Amino acid sequence: MTPDGAAPPPGDLLVQAVEGMDRPLFVLDGDWRFSYVNPAGAAVLERTVADLVGHAIWQEFPDAVGGPFEELYRRVRATGVAGSTEAFFAPLDRWFRADAFLTPAGLVVTYDDVTMRRRTEEERAAAVAARERAAAEAAASAVLAATSARYLALLGDISQAMTSTTDVDEAVARFASTVVPVLADWCLVSVVDPDGTRRDVGRAHSDPAMVGAMHRYADLRVRTNRPNAPVPTALSQGRPVVIPHLTPEDVVAMTADEESRAALAPLRPSAVATFPLLARGELFGAFTLVNGPERGPHTEAELRTADIASRRAALALDNARLATAAQQVAERMQHSLLSPPVQPDHLELAVRYRPATRGVSIGGDWYDAFLQPDGDTVLVIGDVMGHDIEAAAAMGQVKTLVRAIAFDRLEEPAGVLRRVDHAIVGLDVPAMATALVCRVEQDAAERDAGVRRLRWSSAGHPDPMLLLPDGTVQDLSAPVGPPLGIGWRGPRADGEAVVPEGATLLLFTDGLFERRGVPLDEGRDRLRALLADGGDRPLAELCDHLLAEMLADGAEDDVAVLAVRAHPMREERPAEAGPEVLPPVVGRPA
């Protein structure tokens, strides 16, 4: 109301209303000068009304030139269409929302300081981004941990698969099957034999439908690889060869003929990584990982894992070859210590040996058979304590003493054992053994009668068995003396028995019939029954039958068997396949 009580003019009311608004407002004339600014607007812009009215906006706020606010003002003035924008104004370090519309009085702009709202939104967005980033990192860590665990498990599987066999080709085949498909779509493993020959032995493909194609290419690869192909390069330089993007030009450069390229085509190789198998300074071969186009190049993690796998595989192959070499040494030692028996006229001899120690083809049991100067046949079977190379070495010494003394002295078996016992102690041979020495004798009268006389003596050894032509089995029992190696000076006794034509004598060590938890008599009864049942078998077949039945569950101890068959003197000796020079050897089952 005016002082006189009359209502103020309408224009004054509008000015009063705008002046009292909390919301900032200013008006720009046609020359972009402030024609009006309300107090709230001046305050937000950190100016006074007098500082702004009459002054051009671009001079007072040059930082707005070319920015979103100028773009808004000019657009609204040009089109007459109201608009708005929200932007940061750096000189005032604030965010503003500006609304502009055109009036006859000029361009009216209202605006708000939205800095707090924007900063709150930014903080919320940052918090959301941080949570999403943390979740992504956690997921990535989980994937990495799972991948690492899978690769660690793979390395463990490789070690277990390859070290559980001493056969090089089998170990390589297991290696290829283990790395596919964890590290690649398919894999070929080459081995270099001691003579320098390269063979592609290990082969595995993740797609069963492509296995045939893989084999067709692998059969050609060795002879068609050019020197610059991945495997020859890895073998010659001892370093990995990685081709992340295999091109047709690469294939032509690496393969020597069209046949091998045609065989490779269905496999669609797109990435190749080859690693040498190197251990203890020796190169054993190389293995190649191949991916198809769907899988693409090998990842860094796959390549690192493959590099570690190559070293583990090479070490396993080296160990397998060392084990094979040790096996060959043991077999050569067996050849020398367990020599083939003599085959006197009309006496057929067969021998068998089974070691108890797994992986070692020899132990403390032995057999021997030789002719004395007077023509009699000496049979020996014995058992030195132990199941390893040391026992075999001691056995060799004891066997040599028995053979030398028996050949030289022509004494009865008891006398031979007595001298051997004293020699073992006197020569400080580190051995204690049971032994059975037999001598097959025949004078003129016995020859005419078609019989032989067996004389034997035992030093703590199991009694032999005699299978008669009518199927009866006799235990040849005689007083048993103490084992060899204790220097026994007491008496030792001989046993004596008649061996008719067609009879079979069986000498054996206790590993053939002794079993933990089974009474000894029960074991011998079973052996006796098998011998009686198999009397009509050829001698070598009989020995195999006895071992197969008695050792069906594996040998708990070394086993040696010596069998002798007395053929009729007045007939031709039956044809035979020949003595087994080196008995088949098997280790203890797992």
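Colleague: Let me start with a surface position: how should I read Arg280, as buried or exposed?

Modeller: This is a predicted model, and the class follows from the relative accessible area, for which anything over 50% is called exposed. Arg280 has a relative accessibility of 56%, and therefore counts as exposed.

Colleague: Where does Arg280 sit among the secondary-structure elements, and what is its phi?

Modeller: Arg280 belongs to the loop between β9 (271-279) and β10 (282-291), and its phi is near 50°, which is a positive value in a residue other than glycine.

Colleague: Which class of accessibility does Asp93 fall into, and what is its phi?

Modeller: Asp93 is placed in the loop between β3 (83-89) and β4 (94-103), and although Asp93 is not a glycine, its phi is positive, at about 55°. Its relative accessibility is 44%, so Asp93 counts as partly exposed.

Colleague: Staying with the backbone, which residues are joined by a cis peptide bond?

Modeller: The angle to read here is omega, which is about 5° for the cis peptide bond joining Val180 and Pro181. Pro181 itself is found in the loop between α7 (168-179) and β6 (186-192).

Colleague: How are two packed helices described, and at what angle do α13 and α14 cross?

Modeller: Two packed helices are described by the distance between their axes and by the angle between those axes. For helix α13 (residues 389-409) and helix α14 (residues 413-426), the axes come within 9 Å and cross at roughly 135°. That makes α13 oblique to α14, and the crossing of these two helices is right-handed.

Colleague: Which residues is Leu484 in contact with, leaving aside its neighbours within four places in sequence?

Modeller: Leu484 is found in the loop between β18 (480-481) and β19 (495-500), and with a relative accessible area of 0% it is buried. Leaving aside those sequence neighbours, its contacts include Val398, Val420 and Ile424, together with Leu417, Met432 and Arg492. Leu484 and Ala423 are 61 residues apart in sequence, yet their C-alpha atoms are 9.6 Å apart in space.

Colleague: What does the side chain of Asp558 reach, and does Asp558 count as buried or exposed?

Modeller: At 0% relative accessibility Asp558 counts as buried, and it lies in the loop between α17 (539-550) and β21 (559-566). Its side chain reaches the backbone nitrogen of Gly364 at 3.0 Å.

Colleague: Finally, what does Ala161 touch, not counting residues up to four places away in sequence?

Modeller: Ala161 lies in helix α6 (residues 115-163) and, with that exclusion, touches Arg174 and Thr178. At 17% relative accessibility Ala161 counts as buried, because the class takes in values under 20%. Its C-alpha atom is separated by 9.8 Å from that of Ala313, which is 152 residues apart from Ala161 along the chain.

Terms used:
Residues numbered from 1 in each chain as written. Predicted model: local features only at pLDDT ≥ 70, side-chain atom pairs only at ≥ 80, totals over all residues. Heavy atoms only, no water. Axes fitted to C-alpha atoms, helices over the stretch in contact; angles between N-to-C directions. Helix = DSSP H or I, 4+ residues; strand = E, 2+ residues; numbered from the N terminus. Parallel < 35°, antiparallel > 145°, perpendicular 65-115°, else oblique. Left-handed = near helix turned anticlockwise from the far one by under 90°. Buried < 20%, exposed > 50% of the residue type's maximum accessible area, 1.4 Å probe, protein only. Polar contact = N/O pair within 3.5 Å; in protein donor to acceptor, adjacent residues only side chain to side chain. Contact = heavy atoms within 4.5 Å.
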